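Here is a short note to read beside the structure, written as numbered points. Please keep the picture open and look up each residue as it comes.

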Amino acid sequence: MTLLTSPAIRLLRNVKIAHKLSFVALAFAIPLLIVLALLFQNLRQDVLQIQEKQAAIKAIATKYELRQLIQRQRALQHMRILGNKQLDASISENQGKIENLLKQTEQNSSIRQAWTAQTSKQATLKATDSFTEYGKLLNAIELEITEIANSSKLALDSDLTTHQLVNIYLSSLPQIEEKLSVITGRGAAYIDTGLFEAGEDVMLNSLHMLTKLNLSELASSMQNLGAQGKEYASANSNVQASITGAKKFLERSQDEVLASVNQSNGQAFLQAGTDNLQALQATKTVIANLIADNLAHEIAKANQHAWQMSIGIILLLLLASYFLMAIYQALTSDLKILAKAVAETAAGNLQNRVSSPGKDELAQLINAVGRMNAELSSLVANIRLSAQTVDVIAREIHDENTDLASRTESQAASLQQTASAMDELTATMSENAGNLAQANSLMHSSAERVQQGLQVMENSILSMQTVTASAKKITEIIGVMDGIAFQTNILALNAAVEAARAGQEGRGFAVVAAEVRNLAQRSANAAKEIKGLIASSGQAVEAGSKMINTAGQTMRNIADNVQVVTELIKQIAKASQEQSVGISDVNRAIADIDEITQDNTRLVEMASESTAKLEEQAASLGAAVSVFKTSTITTEAQHLHLASSSNDSYMLTAPGKKRLAA
């Protein structure tokens with residue numbers, strides 16, 4: 001599809017939007033105008049066809065007038081040939097009317113030629129031949145009327161009412177007129193002569209019946225049309241009056257011609273028939289006027305339809321032009337906004353924020369450009385911030401490298417001093433190792449003596465535990481004695497109570513009970529005192545046992561501590577020997593560090609040169625993004641600052657960020 005439309009795409013890309021819209025408008029307008037032209041041409045053809053029908057009505061009316069005059073001439077000639085010599089003047093007058101009408105309407109037609117031939121041979125014709133020749137002339141006129149009606153499509157009108165009226169105008173009324181004309185001419189001749197030609201009476205009788213039938217059909221048709229409006233009702237009244245007159249004339253003809261009663265004269269009968277024919281001609285004129293009015297109404301309706309279509313088309317074109325202009329203005333307006341935004345972006349102005357409330361593709365593109373400017377502004381601001389930050393950090397690194405170089409030199413000197421100090425420390429550690437060996441020997445002998453004292457304390461603790469157990473047994477025995485004394489006291493009390501009950505006989509027993517009671521109380525008091533002394537001795541023994549236990553535990557702790565100290569001194573002595581070896585290694589490592597420090601000094605100098613180049617690149621980056629105009633924001637670089645804390649440390653501070661360089 002793209003391959004098919006690519007030539008048109010390349011062509012349209014080279015023209016402006018106004019030309020594109022004009023091309024699209026023409027692409028749709030030209031076919032539309034062609035269709036409208038064809039439609040209006042059809043409407044015009046319809047109007048011309050209706051006008052042609054109107055012209056046909058006028059032409060047919062002239063033909064009918066000529067036809068009526070020829071019908072009258074036929075009747076007059078028929079009567080004159082059959083013996084009525086008083087009609088010469090009427091014949092000449094009627095012939096003059098026919099020739100004048102032919103001059104006006106039939107200059108070079110076949111009707112005029114046929115008429116000329118008829119008049120030239122009229123004197124030699126018999127009555128039957130004359131009637132026949134005039135009939136041929138009337139048939140020729142009828143053929144021309146039919147041809148006019150067919151060529152103008154008058155008989156094929158689409159409107160039903162008009163079609164019915166045309167049928168009455170072209171068929172029903174002309175047939176009735178012809179029949180009445182024949183009845184008038186032949187009837188008038190019969191009244192004058194009293195003679196029928198062979199079969200003429202039968203023919204006239206048939207014409208009477210057919211004419212009555214035709215009149216009834218015409219009355220019924222007009223009756224149906226009369227209900228369609230006031231104009232049709234008036235025409236119906238006129239036609240019905242003509243039909244009534246024609247029927248009366250037929251009744252008269254029935255009497256005077258067919259029945260041969262109440263006869264007048266031929267000329268009077270001819271005049272009556274002529275009057276009826278003129279009434280029918282007037283009726284045809286009324287019908288023709290109705291047809292003409294209907295055709296005029298159709299023309300007005302077609303013109304109105306054309307005007308309505310024209311107005312509708314004009315309104316549609318105006319509406320289409322309005323929307324086309326609105327589309328053009330919307331497109332150009334959006335494109336101007338878009339072009340201006342892109343131009344300002346190209347010029348480095350990122351502060352432009354374009355947006356569109358629409359939902360079409362251009363509105364989406366404008367909003368995308370606005371978002372692009374916002375994102376690009378943020379990006380450039382971040383780049384600018386990063387450039388400033390890089391510049392600040394590069395300066396900081398440069399300062400730190402400078403400080404690091406000086407401190408590295410100081411560190412090298414300090415390492416030399418450390419090496420000499422480590423030599424002295426090695427000698428001191430060797431001396432400490434000897435002293436720790438002697439201390440280890442002394443602590444070993446002390447530990448043995450502490451073990452001997454611990455054994456003596458354990459024997460004392462066992463003796464005290466034995467004494468404590470004996471004191472507990474004595475206490476238990478005294479408790480038994482105290483219980484016995486208490487029970488004895490109770491028994492003595494009971495014996496005294498019983499002696500008191502016994503009265504005089506128990507007085508001696510009461511004395512004995514009192515003495516027993518006194519002895520029991522004294523035994524109880526002595527037991528209590530012994531129990532108290534033994535309890536005090538037990539408590540003292542128990543306290544001494546606890547003290548001996550505590551002393552024993554303390555001796556055990558001392559022995560354990562002496563053992564631990566001995567082990568520690570052994571480990572310290574071993575560690576001192578290892579430290580002596582390690583310090584020798586440290587001396588060698590310090591010498592290596594001194595060499596590395598010298599190398600670090602050279603690397604710091606190279607880092608300072610690289611930092612200087614980084615500063616130059618940061619400055620170039622800042623200059624590159626400084627051409628852009630971004631939104632007013634508080635950049636992080638505006639808050640960056642260097643705070644000097646000492647000769648060998650710097651603090652780089654920013655919102656939310658901290659870094660210590662030492």
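1. At the start of α9, Asn265 places a side-chain oxygen within 3.2 Å of the backbone nitrogen of Gln267; a polar contact here is a pair of N or O atoms within 3.5 Å, where, within protein, one must be able to donate a hydrogen and the other to accept it, and residues adjacent in sequence count only if both atoms are side-chain atoms. Helices such as this one are DSSP runs (H or I, at least four residues), numbered from the N terminus, while strands (E) need at least two residues.

2. Before going further, please note that this is a predicted model, in which local features need pLDDT of at least 70 and side-chain atom pairs count only at pLDDT 80 or more, whereas totals for chains, interfaces and linings use all residues. Residues are numbered from 1 along each chain as its sequence is written, and side-chain values use heavy atoms, with hydrogens and water left out.

3. How far apart are the end C-alpha atoms of helix α9? They are 116 Å apart, which agrees with the 120 Å that the 81 residues of this helix (residues 266-346) should span at 1.5 Å a residue; the expected span is 1.5 Å times one less than the number of residues. After α9 comes Gly348, with a positive phi near 100°.

4. Most residues other than glycine have a negative phi. Ser260, although not a glycine, has a positive phi of about 60°, and Asn262, also not a glycine, has a positive phi of about 50°. Ser260 counts as partly exposed at 35% relative accessibility, while Asn262 counts as exposed at 66%; buried means under 20% relative accessible area, exposed means over 50%, and partly exposed is in between, with a 1.4 Å probe and protein chains only.

5. Ala300 is another residue of helix α9, and with a relative accessible area of 43% it is partly exposed. Although Ala300 and Val47 are 253 residues apart in sequence, their C-alpha atoms are 8.9 Å apart in space.

6. A charge sits over a ring if NZ of Lys or CZ of Arg is within 6 Å of the ring centre and within 35 degrees of the ring normal. Arg186 gives a further example, with its charged end over the ring of Phe131, 4.2 Å from the centre of that ring.

7. How many aromatic pairs does the structure hold? There are 5 aromatic pairs, where rings of Phe, Tyr and Trp (its six-membered ring) pair if their centres lie within 6.5 Å, and where planes under 30 degrees apart count as stacked, over 60 as edge-to-face and the rest as tilted. One of the pairs is formed by Trp115 and Tyr134, and it is tilted, at 6.4 Å centre to centre with 55° between the planes. Because Trp115 lies in helix α4 (residues 110-121) and Tyr134 in helix α5 (residues 127-151), this pair ties together parts that are 19 residues apart in sequence. Trp115 is buried at 3% relative accessibility, and Tyr134 is buried at 1%. Tyr190 and Phe196 form a stacked pair, 3.7 Å centre to centre with 5° between the planes; Tyr190 counts as buried at 10%, whereas Phe196 counts as partly exposed at 27%.

8. Finally, the unreviewed UniProt entry lists residues 21-40 and 306-328 under "transmembrane region", and such annotations may be inferred rather than shown by experiment. In the model, residues 21-40 are 100% helix, with end C-alpha atoms 27 Å apart, and residues 306-328 are 100% helix, with end C-alpha atoms 32 Å apart.
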